[in-house]
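Have a look at the model below before reading on.

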Amino acid sequence: MTACRKTQNEAILERDAVVVGAGFAGLYMLHKVRELGRSATLFEAGSGVGGTWFWNRYPGARCDVDSLEYSFSFCEELQQEWNWSERFAAQPEILAYLNHVADRFDLSRDIKLETRVVSAVYDETRARWTVRTDRGDALSVRYCIMATGCLSAAREPEIPGLYTFKGAVYHTGRWPHGEVDFTGKRVGVVGTGSSGIQVAPMLAKSASHLYVFQRTPNFSIPARNTPTDLYRERQWKAVYPEMHREARETTAGILYEYNTTPALSVSEEQRRNDFAARWRTGGVNFLRTYCDIMVDKSANDDDAEFVRARIREIVKDERTAEKLLPHDHPIGAKRICTDTDYFDTYNRDNVTLVDIRTAPIEAMSPEGVRTKDAFYELDALVFATGFDAVTGSLAKIDIRGRSGRALSEKWAGGPRSYLGLMTAGFPNFFTITGPGSPSILTNVVVSIEQHVEWIGAAIAHLEAYSVDAMDADAETENAWVAHVDEVAHRTLLVLANSWYLGANIPGKPRVFMPYAGGFKVYRQKCEEIVARGYEGFIFEKRGSAPHAPAALETSLS
Ligand code: NA7
């Protein structure tokens, strides 16, 4: 339904749904809402579609999930017609894919670019959301769907004097369009997470000198990227739906080689051989060498020691190698990185590792960076300092549910949701890959598809039975939040100061945000909850109801 309602001062456009964000999640959600015969507007802050892959266009940006798996499965023709050129696609190719998806499904006519949603307010009397943007749009919708992404609120450190620096400053998560030429420049990179580890080797190739400012050394596994194996691609395409179905039966939503053997049940020699084999194959599959690496500290220590030994082997200068060895967290407790020649980069004469753990950055001046014990003259500075993950983009929007309660207030002690899909007190407000769902611990495209399909089915259900509003039950939500926390504490994931826990943002409550119980278990729970009549959800129905099924009737409040 599309209509226009005039209030005292403004025209408010009426749509069935608003979708916020035009990444993988938003594009598929828009398509899904349309499939249901409902109207939707998608607002996107960027000047193009692509979400994470629109913004993170820094040199070296690349996915760490196999391209054949990091793509949509909802349309067989789409799967068949798209050809990936590499095992791990680089950012431009993923962005081209998402543009292709937008064109193929004619999504753009409902997408408003360069428009940031600033508020979403629930009106209990009408069971509708009023959504406003920074361009003056006002939309009244039944369904408010946040596809804002887990890694989209880029974070720049506050360094005294930063704005006096006369060189260029970049953030990997907000990289400019067009070529940035570092030829002959003295460049600094702050941060050695995935982005820093990907961008540093690229910058080292053109910069006259590259300084990598490292606060915490990180584990990284060689990606071993290759051009697409055409034989393998043909094999996949012959059985694409089966491959995706199989992936949905796994812990990570990825067809890794999962080993069910505990690490310490085999000999030390066997472990060395197994780790070495996975190291040779490359990729994050490395963490699946044994089944208990993320739950047994001794198994994890052994794995970590193997990687440290490889770093010592690769990096020729011993002092640099020692500084690069991660010791402060279990391997995999921070998102494992994959790289192309990251550690080798330190063998170049034009690359210096600067340990800012022992001598922190104190200030910037027009000429460069001053640490506690030295000054580094720079022409450009690249922040690879990460994101206010999972909740950061939602926190930027003034979201108000029942009785005008702000989401920021409800989540002041950490995000609270039921299944990462809904949060009690915010009816018809859905989050795709929200906190409390497996999201970034999985192949996020698989998680996104599962969420979009779940939300689509919920909307179809509400429409079929003329239900006005669906909400999470507060008690059930409390139980889910406790469960998410408890599951995380069964693993080693909580032993790092990671963005999973919000530990990278000063003042952010330390709560493990994604659901660590695995994709398969989570998906089954979601399906069972629906089969039991949307157990743990509350339905509100105002007008006279047509026939409602028993399951719906019992849950109507
Ligand atoms: P990450 O993984 O959060 O890494 C950020 C890096 O920046 C990390 O090494 C941080 O060190 C460092 N950092 C952050 N703030 C500072 C300050 N103030 N000073 C010095 N160093 C700092 O972000 P990425 O963009 O690399 O990757 C995010 C995800 O995107 C990744 O996991 C993939 O899933 C894709 P710290 O470890 O906090 O000491």
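The report goes from the nonpolar cores to the ligand and then to individual residues.

This is a predicted model, in which local features need pLDDT of at least 70, side-chain atom pairs count only at pLDDT 80 or more, and totals for chains, interfaces and linings use all residues. Residues are numbered from 1 along each chain as its sequence is written, and side-chain values use heavy atoms, with hydrogens and water left out.

**Nonpolar cores**

The largest nonpolar core holds 127 residues, and F24, I145, W454, M470 and F537 have the most contacts inside it. Helix 14, spanning residues 444-464, is the top contributor to this core with nine residues. Apart from it lies another core of 21 residues, including V117, Y122, C144 and I397. A nonpolar core here is a set of buried Ala, Val, Leu, Ile, Met, Phe, Trp, Tyr and Cys residues joined through side-chain atoms within 4.5 Å. Buried means under 20% relative accessible area, exposed means over 50%, and partly exposed is in between, using a 1.4 Å probe and protein chains only. Helices (H or I, at least four residues) and strands (E, at least two) are DSSP runs numbered from the N terminus.

W454 is in contact (heavy atoms within 4.5 Å) with L421, F430, M470, C526, V530, Y534 and F537, leaving aside neighbours within four places in sequence.

**The ligand**

There are 20 residues around the ligand, and T192, S195, R215, T216 and K334 come nearest; a residue is near a molecule if one of its heavy atoms lies within 4 Å of it. By class, this shell has seven nonpolar, eight polar and five charged residues. In that count Ala, Val, Leu, Ile, Met, Phe, Trp, Tyr, Cys and Pro are nonpolar, Asp, Glu, Lys and Arg are charged, and the others, Gly among them, are polar.

| Residue | Atom on the protein side | Distance to a ligand oxygen atom |
|---|---|---|
| S194 | backbone N or O | 3.0 Å |
| S195 | polar side-chain atom | 2.6 Å |
| W499 | side-chain N or O | 3.4 Å |

Taken alone, the ligand exposes 770 Å², and the protein buries 85% of that. Accessible areas come from the Shrake-Rupley method with a 1.4 Å probe; for residues, only the protein chains shown count as cover.

**Buried strand residues**

T338 lies in strand 12, residues 337-339, and is buried at 8% relative accessible area. Not counting residues up to four places away in sequence, T338 touches D64, I197, Q198, S220, I221, A223, G283 and V284.

I399 sits in strand 18 and is buried too, with 2% relative accessibility. Its C-alpha atom is 8.9 Å from that of F426, which is 27 residues apart from I399 along the chain. With residues up to four places away left out, the contacts of I399 include A120, W129, M146, F426 and F429.

S140 belongs to strand 7, residues 138-146, and has a relative accessible area of 0%. The side chains of S140 and R128 are joined by a polar contact of 2.8 Å. A polar contact is a pair of N or O atoms within 3.5 Å; within protein, one must be able to donate a hydrogen and the other to accept it, and residues adjacent in sequence count only if both atoms are side-chain atoms.

**Positive phi in loops**

E114 has a positive phi near 50° without being a glycine. E114 is in the loop between strand 4 (111-112) and strand 5 (117-123), and is partly exposed at 47% relative accessibility.
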